[in-house]
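Morning, everyone. Please have a look at the structure on the screen, and I will walk you through it.

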Amino acid sequence: MQEEEEQPEDKDENPLLSENPSEVEAPVIQDEISKEDKAVIKIQSWWRGTLVRRTLLHAALRAWVIQCWWRLMQAKFAEKKRRVTLDKFSREEWAAVRLQSWARMWRIRQRYCQVLNAVRIIQAYWRCHTCASRGLIKGQYRVTASQLHLELEILLGSGPCVVTECIPLPIKQ
């Protein structure tokens with residue numbers, strides 16, 4: 001064991017301790033590395049790889065969590081924007097419907113008033129026409145024992161006409 005711990009003093013004898021790395025030849029290094037050192041190097045490289053992979057996995061998981069949160073926030077923002085837009089559209093649509101109904105009501109009311117005035121005019125002309133064409137008859141009568149005295153006054157469009165008549169009654173004695 002002591003022999004392994006002792007190192008040669010001369011730098012030229014040990015190629016690993018030389019100052020110029022170009023002097024070291026690759027086959028010499030491979031020969032001097034023992035099986036035990038190779039196993040140690042292999043374990044160390046595996047452990048470092050495991051640590052790197054674990055670190056990358058944690059970083060990827062954190063990134064995934066952040067991405068999920070951000071997508072959730074974007075979905076919430078999109079839903080809120082959709083609701084605001086839908087509410088605005090609904091209010092505008094309702095306002096348009098109310099304006100249209102008021103305009104239709106106003107037009108229908110105007111048409112109704114025109115029809116009502118036309119009806120009143122037609123009724124007035126019809127009433128005047130029927131009064132003028134039919135005329136008015138006023139009269140009085142008196143009955144005596146043998147006669148009927150009748151006096152009629154007929155009012156037509158041009159002027160009054162008076163008819164007086166005495167009608168004998170057939171009475172059996």
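Let me start with one pair of residues. Leu152 has Val163 as its bridge partner, and Val163 sits in S3. Keep in mind that this is a predicted model.

Stay with that pairing for a moment. S2 covers residues 147-155. S2 and S3 run antiparallel, and nine bridges join them.

How many bridges join S1 to S2? Eight, and these two strands also run antiparallel. Gln140 pairs with Glu151, and Glu151 belongs to S2. Val143 stands opposite Leu148, again in S2.

The three of them form an open sheet, and the order is S1-S2-S3. The pairing is antiparallel. Which strands lie at the edges? Strand S1, residues 136-143, and strand S3, residues 160-168. Each of these edge strands pairs on one side only. As for twist, the average is 15 degrees from one strand to the next.

How many of the residues of S1 are buried? S1 has eight residues, and the number buried is zero. Burial here would need a relative accessible area under 20%. So S1 lies largely in the open.

Next, the whole chain. The protein has three helices and three strands. In sequence order, the pattern reads α-α-α-β-β-β.

The protein has 173 residues, and 3% of them count as buried. The exposed surface comes to about 16,600 Å². Carbon and sulfur atoms supply 60% of that area. Then the contacts. Take those between residues at least 6 apart in sequence. Of these, 7% join residues at least 24 apart.

On to the aromatics. How many aromatic pairs does the structure hold? Two. Trp46 and Trp47 make one of them, with ring centres 6.1 Å apart and planes at 45 degrees. Why is this pair called tilted? Stacked needs planes under 30 degrees apart, edge-to-face needs over 60, and the rest count as tilted. At 45 degrees, the pair of Trp46 and Trp47 is therefore tilted.

Are these two residues buried or exposed? Trp46 counts as exposed, because its relative accessibility is 52% and the cut-off for exposed is over 50%. Trp47 has a relative accessible area of 41%, so this residue is partly exposed.

The other pair is Trp69 with Trp70. Their ring centres are 6.1 Å apart and their planes meet at 45 degrees, so this pair is tilted as well. Trp70 is partly exposed, at 43% relative accessibility.

To recap, we have an open antiparallel sheet of three strands. Thanks, and over to you for discussion.

Note on methods. Residues are numbered from 1 along each chain as its sequence is written. This is a predicted model: local features need pLDDT of at least 70, side-chain atom pairs count only at pLDDT 80 or more; totals for chains, interfaces and linings use all residues. Side-chain values use heavy atoms; hydrogens and water are left out. Two strands pair if DSSP finds at least two bridges between them. Helices (H or I, at least four residues) and strands (E, at least two) are DSSP runs, numbered from the N terminus. Axes are lines fitted to C-alpha atoms, for helices over the stretch in contact, and angles run from 0 to 180 degrees between N-to-C directions. Buried means under 20% relative accessible area, exposed over 50%, partly exposed in between (1.4 Å probe, protein chains only). Contact means heavy atoms within 4.5 Å. Accessible areas come from the Shrake-Rupley method with a 1.4 Å probe; for residues, only the protein chains shown count as cover. Rings of Phe, Tyr and Trp (its six-membered ring) pair if their centres lie within 6.5 Å; planes under 30 degrees apart count as stacked, over 60 as edge-to-face and the rest as tilted.
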